[in-house]
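Student: Can we go through this one together? I'd like to start with the rings and then move on to the charged side chains.

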Amino acid sequence: MAEIQAINVADAATAISAMMAPEEGQAQVDETQPAEVSDEDTEVAASEDDDSGVEDAPDDESAEEQSEESEESEEQEQPQTFTVKVDGKEVDVTLDELQKGYSRTQDYTRKTQQIAEVRKQVEQETQAVRAERQQYAQLLGALQAQLQVSEPQVDLERLYNEDPIEWVRQKEVLRERQEKAYAIQAEQQRLSYVSQQEQQRAMEEHLESQKDALLAALPEWKDPKKAKAEKALVLESAKSVGFSDEDLKSVYDHRLVLLLRKAAMYDQMVSKRQGIKPVVNNGPRPAKPGAAGRVSTTTESTRAKQRLAKTGRVDDAASAIELLLR
């Protein structure tokens with residue numbers, strides 16, 4: 001019984017060891033297999049690295065292309081500029097600014113034309129009103145003359161004693177005629193005042209337009225100091241040829257001012273030329289006797305000294321001394 005139990009125990013141990021052997025082998029296989037797989041993984045990783053390197057190259061190329069495209073886009077985004085003159089100075093403007101400026105210019109031109117048309121219409125209406133007013137003034141003058149001519153010569157004192165009723169009637173007629181005469185006189189004064197106001201306003205507008213025309217012809221007179229100095233010169237020049245203060249006050253045309261200024265500037269130039277003393281050119285100054293020889297001797301002596309400094313010869317020294325003694 002004991003042997004059977006021992007055998008059984010040995011058999012059991014053998015069986016258990018036999019059963020455990022495959023598991024260890026499998027374990028060894030399992031342990032070695034990951035090593036092989038790691039090699040394969042290494043190769044795969046290396047191939048992936050190569051592939052990634054290959055793939056990185058297009059990425060670099062795409063980055064360069066993107067940078068080039070961005071540079072091109074930046075160049076395209078930079079607006080095109082044009083050179084225009086503004087107040088005599090060249091200025092660079094973009095196409096958008098040029099279009100806006102052209103639109104503003106067109107709008108300004110259109111509005112200016114509209115204003116000119118309105119002004120022309122107003123001037124026409126003003127001329128019509130002036131003509132009607134002048135005609136009205138003439139009618140008032142004719143009516144006043146008619147009243148003076150048709151005034152009856154009535155002896156009111158005699159009529160008062162002889163016919164009081166007729167005296168009352170004639171008195172009333174005389175009063176009505178006087179009222180009409182006063183009304184005509186008041187209306188004539190009103191028309192005269194209105195005409196004077198219009199003339200003053202027209203003169204102011206004319207003076208303003210002539211002032212603008214003068215500044216357009218003489219832009220340098222926009223400087224107050226220069227304008228004041230040249231105006232004083234113009235007045236002095238005009239008075240020197242006989243213009244009086246009253247004559248100069250009635251100078252309204254800018255063209256006459258330009259002529260007076262030219263005359264004044266010419267007079268100023270002539271006076272400056274007269275103040276300059278002319279330089280008398282008597283020709284070349286005559287040379288003194290022996291001057292040319294001295295110049296030549298000096299030149300030759302200089303050359304002799306230079307030659308002596310180079311050679312140091314006795315003959316050159318003698319020549320230099322001889323030239324100095326001349």
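Tutor: Two rings of Phe, Tyr or Trp (its six-membered ring) pair if their centres lie within 6.5 Å, and planes over 60 degrees apart count as edge-to-face. Keep in mind that this is a predicted model.

Student: How many aromatic pairs does a search of the whole structure find?

Tutor: The search finds one aromatic pair. The ring centres of Tyr160 and Trp167 are 4.8 Å apart and the planes are at 70°, so the pair is edge-to-face.

Student: Is Tyr160 buried, exposed or partly exposed?

Tutor: Tyr160 is partly exposed, at 46% relative accessible area. Trp167 is also partly exposed, at 23%.

Student: Now helix α4. What does it span?

Tutor: Helix α4 covers residues 164-217, 54 residues in total, and reaches 79 Å from its first C-alpha to its last. That is close to the 80 Å expected at 1.5 Å a residue. Buried residues in α4 include Gln170, Arg177, Ile184 and Leu214.

Student: Which residue forms a salt bridge with Arg169?

Tutor: Glu166 does, with the closest N and O atoms 2.4 Å apart. Both residues lie in α4, three residues apart, about one turn of the helix. An α-helix has 3.6 residues a turn, so residues three or four places apart point the same way.

Student: And how many salt bridges does the count come to?

Tutor: The count comes to 11 salt bridges.

Student: Where is Arg261 found?

Tutor: Arg261 is in helix α7, residues 254-275. Arg261 is buried, with a relative accessible area of 14%. Arg261 forms a salt bridge with Glu220, where the closest N and O atoms are 3.3 Å apart. Glu220 lies in the loop between α4 and α5, so this pair ties together parts that are 41 residues apart in sequence.

Student: What is the closest N and O distance between Glu230 and Arg261?

Tutor: For that salt bridge it is 2.8 Å. Glu230 lies in helix α5 and Arg261 in helix α7, so the pair ties together parts 31 residues apart in sequence. Glu230 is buried, and so is Arg261.

Student: Switching topic: which residues make up the largest nonpolar core?

Tutor: The six are Leu214, Leu218, Trp221, Ala227, Val251 and Val257. Another core, of five residues, lies apart from that one and includes Val234 and Leu260. Leaving aside neighbours within four places in sequence, the contacts of Arg261 include Leu218, Trp221 and Val234.

Note on methods: Residues are numbered from 1 along each chain as its sequence is written. Side-chain values use heavy atoms; hydrogens and water are left out. Rings of Phe, Tyr and Trp (its six-membered ring) pair if their centres lie within 6.5 Å; planes under 30 degrees apart count as stacked, over 60 as edge-to-face and the rest as tilted. Buried means under 20% relative accessible area, exposed over 50%, partly exposed in between (1.4 Å probe, protein chains only). Helices (H or I, at least four residues) and strands (E, at least two) are DSSP runs, numbered from the N terminus. Contact means heavy atoms within 4.5 Å. A nonpolar core is a set of buried Ala, Val, Leu, Ile, Met, Phe, Trp, Tyr and Cys residues joined through side-chain atoms within 4.5 Å. The expected span of a helix is 1.5 Å times one less than its number of residues. A salt bridge is a side-chain nitrogen of Lys or Arg within 4 Å of a carboxyl oxygen of Asp or Glu.
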